[in-house]
Each structure stands twice: as structure tokens, then as C-alpha cells.
Amino acid sequence: MPDAALKKNRPLWYNLSLLNLPLPGVVSILHRISGALLFLFAAWLLYLLDASLDSPERYAAIKATLVHPLARLVLLGLLWAFLHHLCAGVRYLFLDIHKGVDLPTARLTSGLVLGVSVALTAVLGVMLLW
Amino acid sequence: MVNRVVVGAHYGLRGWLVQRVSAVVMTVYAALFAAALASARPADHAAWKAFFAQGWMRIATLLFFASLFLHAWVGMRDILMDYVKPTGLRLALEVLVILVLVGCAGWAVQILWRT
């Protein structure tokens, strides 16, 4: 039985990365990741709001802290997380009412969500952080 | 005889609806906030404080935070249900999320109504 022996010795090759995640899938997992990020940083953002509204001294201290490149990078990341979550969320609300559920439209709106959220992050990031 | 109705599919409806309604509230708030910020352009602490002290702004921000924490609960619960399989650990994390969110809600009210 040469065939059976051959079958037995065949290597198992389940390379799941060969299954490319389609664009709506990318939007979906990023929606989840951005939501989790916003939850994890919610207390820090609330702390910033608290300190900035508390007194002129703490307002100035927060302003000085946020000049740090790392703080700006984190804020920029959170701005993207918020905008992506918002754009993808609006898309899901339309999907809920059966708008844009056919494949070409779903792909198009997925691309739009990814592009618009990055573009808005760039524009608002420059306006608010610099 | 007990009259049982098999209605499995509606158990998650409340959470689903809370997620959608809170999302709409937050979207409207984000648009209002952006417009108000663009028109007021608060540049120092006094202006920033006055910006949040406006009556309508306080209430709108309160509604935003209430929506945010409800929305975060539904989302975090979904994530924990999907990825954390041991029941005890999941329960512990869910309780932790609730405590953090209720704590943040109280903190948010304190921030908004501080004189």
C-alpha cells in the first residue's frame, strides 16, 4: 500500500495566514481593538479632563505634560481609535437597517471607513495637538 | 402544565439595543462638541472651564458619559465572552469592568458639577 504510507507521512500545513482577512473583516477586528483601547485609556482621559478643569496650575501642568512626544503619540493613537470606532460604528448602524449589505458596497464602505478615519485623525491631530 | 415559549433569540436584544442607542447619542454629542469647540475655541483654563460650565453642555456631557459607560459595558462584556473561557476568571473581569465603569461615572459627575 504505497498510497497509504504516502498519505500518512504528508506534512500538515495549516497556514491560516493564507486565508486573507477580507476588508470588512479588517474593519471589524479594528473596531473591536479600538473599542478595547478606548476602554483601557478611559480613566486616563478622564484624569486629563479632571486636571484640566480643576485649576489653572493643573491645567498648565497637563498642557506641559502633553507636549511630550510619547503623550502626543498616545493621544494620536486614541484619536484614531475613537474616529475609527465612530466611522465603523456608523457603518454598522447602516448595516443594521440593511443598507450596504451587498458585497461590492460592503467592501467600498469598509475602505471608506479605514481611509476616512485615518484622514480625519491626521487633520484633527494637527489641529488639536500641534 | 407550564406553558413554555421557546424564544432563545431575544436574550441579547436589550444589550444590542443599548449599544445602538448609546452609539447614536454619542455620535450626536461628538458632532455638537466639535461644533461648539470650533466656535468657542477655548484657549486658556478660564475659557476651557466656562466651556464645560454652560448649562446645556453639562447635561449633554452627562448624557454622553452615561451612554459611554453603558456602551463600554456591552462591548467589554462581548469581548470577555468571546475570549475568556474560564467562567470564574470571566466573572472576575466582568465585575472589575463594572466597578471601573461605575467609578468612572461617579468621577465624571464630580468633574462636571465641581464648582
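Analyst: B:Tyr29 and B:Phe64 are both buried; this label means under 20% relative accessible area, while exposed means over 50% and partly exposed in between (1.4 Å probe, protein chains only). The model is predicted: local features need pLDDT of at least 70, side-chain atom pairs count only at pLDDT 80 or more, and totals for chains, interfaces and linings use all residues. Residues are numbered from 1 along each chain as its sequence is written, chains are lettered from A and ligands numbered from 1 in the order of writing, and side-chain values use heavy atoms, without hydrogens and water.

User: How many aromatic pairs does the structure hold, and why is the pair of B:Tyr29 and B:Phe64 called stacked?

Analyst: Over all chains, there are 10 aromatic pairs. The ring centres of B:Tyr29 and B:Phe64 are 4.6 Å apart and the planes meet at 20°, so this pair is stacked. The rule pairs rings of Phe, Tyr and Trp (its six-membered ring) with centres within 6.5 Å, planes under 30 degrees apart being stacked, over 60 edge-to-face and the rest tilted. The pair links distant parts of the chain, 35 residues apart: B:Tyr29 belongs to helix H1 (residues 13-40) of chain B and B:Phe64 to helix H3 (residues 55-83) of chain B. Helices here are DSSP runs (H or I, at least four residues), numbered from the N terminus.

User: What makes the aromatic pair of B:Phe33 and B:Phe51 edge-to-face?

Analyst: The centres of B:Phe33 and B:Phe51 are 5.7 Å apart with 70° between the planes, so the pair is edge-to-face. B:Phe33 in helix H1 of chain B and B:Phe51 in helix H2 (residues 45-53) of chain B are 18 residues apart, and the pair links distant parts of the chain.

User: Are B:Phe33 and B:Phe51 buried or exposed, or do they fall in between?

Analyst: B:Phe33 has a relative accessibility of 21% and therefore counts as partly exposed. B:Phe51 has a relative accessible area of 3%, so B:Phe51 is buried. The C-alpha atoms of B:Phe51 and B:Leu37, which lie 14 residues apart along the chain, are separated by 8.2 Å. One aromatic cluster takes in B:Tyr29, B:Phe33, B:Trp48, B:Phe51, B:Phe52, B:Phe64, B:Phe65 and B:Phe69.

User: Which residues touch the most other members of the largest nonpolar core?

Analyst: They are A:Leu49, B:Trp48, B:Phe52 and B:Phe65, in a core of 28 residues. A nonpolar core is a set of buried Ala, Val, Leu, Ile, Met, Phe, Trp, Tyr and Cys residues joined through side-chain atoms within 4.5 Å. H2 of chain A and H1, H2, H3 and helix H4 (87-112) of chain B each supply at least two residues of this core. H3(B) gives the most, with nine residues. When neighbours within four places in sequence are set aside, the contacts of B:Trp48 include A:Leu49, A:Ser52, A:Tyr59 and B:Pro42. Another core, apart from this one, has seven residues, among them A:Ala51, A:Ile62, A:Leu66 and A:Leu129.

User: How do you know that the side chains of B:Asp82 and A:Arg32 meet in a salt bridge?

Analyst: Their N to O distance is 2.7 Å, and a salt bridge requires a side-chain nitrogen of Lys or Arg within 4 Å of a carboxyl oxygen of Asp or Glu; the pair therefore qualifies. This pair crosses between chains, from helix H3 of chain B to helix H2 of chain A. B:Asp82 is partly exposed because its relative accessible area is 40%, and A:Arg32 is partly exposed at 25%. Over all chains, the structure holds five salt bridges.

User: Why does the pair of A:Asp96 and B:Arg20 count as joining two chains?

Analyst: The side chains of A:Asp96 and B:Arg20 meet in a salt bridge of 2.6 Å, N to O. A:Asp96 lies in helix H4 (residues 69-96) of chain A and B:Arg20 in helix H1 of chain B, so two chains are joined. A:Asp96 has a relative accessible area of 26% and is therefore partly exposed.

User: Which residues are linked with A:Asp54 in a network of salt bridges?

Analyst: A:Asp50, A:Arg58 and B:Arg114 are linked with A:Asp54 in that network. The bridge between A:Asp54 and B:Arg114 is 3.9 Å, N to O. A:Asp54 is partly exposed at a relative accessible area of 29%, as is B:Arg114 at 28%.

Methods. Contact = heavy atoms within 4.5 Å.
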